Amino acid sequence: MNLLEDLKWRGLFAQSTDENALKEALSKPITLYVGFDPTASSLGVGNLVVLLVLRRFQLAGHHPIALVGGATGLVGDPSGKNEERSLNNTDVVEQWAGRFREQLSQYLDFEAPTNPARIVNNLDWTAPMSAIEFLRDIGKHFSVNQMLAKESVSARLEGGGISYTEFSYQVLQSLDFLELYKRLNCTLQVGGSDQWGNIVAGLDLIRRVEGGSAHALTIPLLAKADGTKFGKTAGSNVWLDPEMTSPYAFYQYWIATEDKDVINFLKVFSFASHDEISHLEKLHSENPAARDAHRALARELTTMVHGAQTCERVEAASRALFGQGELKDLDEATLESALAELPRATITSLDDIPTWVGLIAAAGVVDSKSAARRVVKDGGAYLNNVKIAGEDFTLSADDFLFNRFAVLRKGKRDLAVVEVAKKP
């Protein structure tokens with residue numbers, strides 16, 4: 001199976017200007033690029049979709065370029081937005097662009113002997129250009145009528161309008177393609193399907209300025225089966241930066257994938273073979289409760305983003321929380337991140353600790369102390385994975401891991417944490 005067929009099988013092929021011509025071009029190594037605008041301090045899981053496609057091209061022998069939008073990040077892409085972006089200042093965007101360069105370097109091979117990856121910043125060729133040069137040399141090649149017909153622009157015109165700043169984004173992105181075509185013989189731009197108009201405008205600019213031709217390939221925008229936005233959990237973005245989304249939370253995001261989505265996500269994000277994914281699909285179909293596909297997805301993505309050792313730690317934490325491992329064997333940082341989203345009760349001192357019954361009721365896992373007492377009588381009360389037998393059981397200072405946390409559990413799945421408040 002060739003690269004384009006593989007992309008189609010994985011649901012990563014939306015549109016191409018000329019598929020047969022692209023297929024023929026890919027019979028030899030070509031140079032291609034994907035752009036990433038620094039609109040936040042970290043890449044998110046949504047960026048992984050196109051980034052990993054770039055990696056697939058490199059593994060197939062092609063020359064990948066990751067473009068950091070130091071210039072376009074200052075302007076803002078109107079695609080999919082109903083209102084103007086808040087413009088960040090130059091220093092912030094520069095800082096974010098530097099962080100993107102660091103993150104992108106994790107997923108591409110810059111030491112490959114025949115096709116090493118490159119990272120470029122479009123500010124390098126945009127900043128030296130004067131406004132007059134930009135308008136005369138580049139702007140003259142664009143038809144305002146065609147730009148107005150772009151879906152994201154026309155939608156904004158029907159609403160509150162669009163500024164010239166965001167309206168000019170298409171010209172800047174087209175300039176990127178032209179510059180990479182001239183400088184590095186880049187003949188393919190890959191992007192999300194919402195970027196089709198911008199990419200095709202770049203092809204037209206290459207034809208007008210250089211008399212050359214190139215290719216476009218877009219990837220479908222990834223959505224969940226239930227219609228909710230991919231890349232968010234509890235209303236928050238899922239980031240690749242471990243300081244913004246902990247490795248444990250990152251792992252749990254993939255573990256919590258809906259059954260209807262898990263095989264699709266494996267195709268999009270995993271580098272497992274077709275046979276391996278088909279085997280996981282068979283296991284999932286026969287016994288979805290075993291969650292083999294979910295664990296394979298979470299393990300591969302967490303290892304890819306955070307490393308094998310970190311993945312092992314978060315898997316150990318996931319098992320330990322539900323009684324399949326020792327909580328005391330976890331390091332403090334992993335335990336803290338694993339407990340971050342749990343219901344909790346806070347105490348101010350280890351000198352006067354309430355009973356287990358009082359604490360689990362205070363954490364909100366049960367409605368009342370009487371309900372908590374019934375849990376104890378029924379044999380479903382645990383402290384740090386150890387079953388407790390008495391309704392009047394009171395925690396001691398020794399029960400607190402790292403002198404900070406004690407984990408309460410009701411039955412198999414309902415968890416809470418008791419935390420000692422930090423002293424001011």
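Residues count as buried under 20% relative accessible area, exposed over 50%, and partly exposed in between (1.4 Å probe, protein chains only). The model is predicted; local features need pLDDT of at least 70, side-chain atom pairs count only at pLDDT 80 or more, and totals for chains, interfaces and linings use all residues. Residues are numbered from 1 along each chain as its sequence is written, and side-chain values use heavy atoms, with hydrogens and water left out.

The structure holds 21 salt bridges (a side-chain nitrogen of Lys or Arg within 4 Å of a carboxyl oxygen of Asp or Glu). One of them joins Asp204 and Arg207 at 2.5 Å, N to O. Both residues lie in helix 11 (residues 196–210), 3 residues apart, which means a separation of about one helical turn. Helices here are DSSP runs of H or I with at least four residues, and strands are runs of E with at least two, numbered from the N terminus. Asp204 is partly exposed, at 21%. Arg207 is also partly exposed, at 47%.

Arg404 takes part in a network of salt bridges with Glu332, Glu336, Arg344 and Glu419. The closest N and O atoms of Glu332 and Arg404 are 2.9 Å apart. For Glu336 and Arg404, the closest N and O atoms are 3.1 Å apart. That pair ties together parts 68 residues apart in sequence. Arg404 is buried, at 13% relative accessibility. Glu332 is partly exposed at 31%, and Glu336 is partly exposed at 34%.
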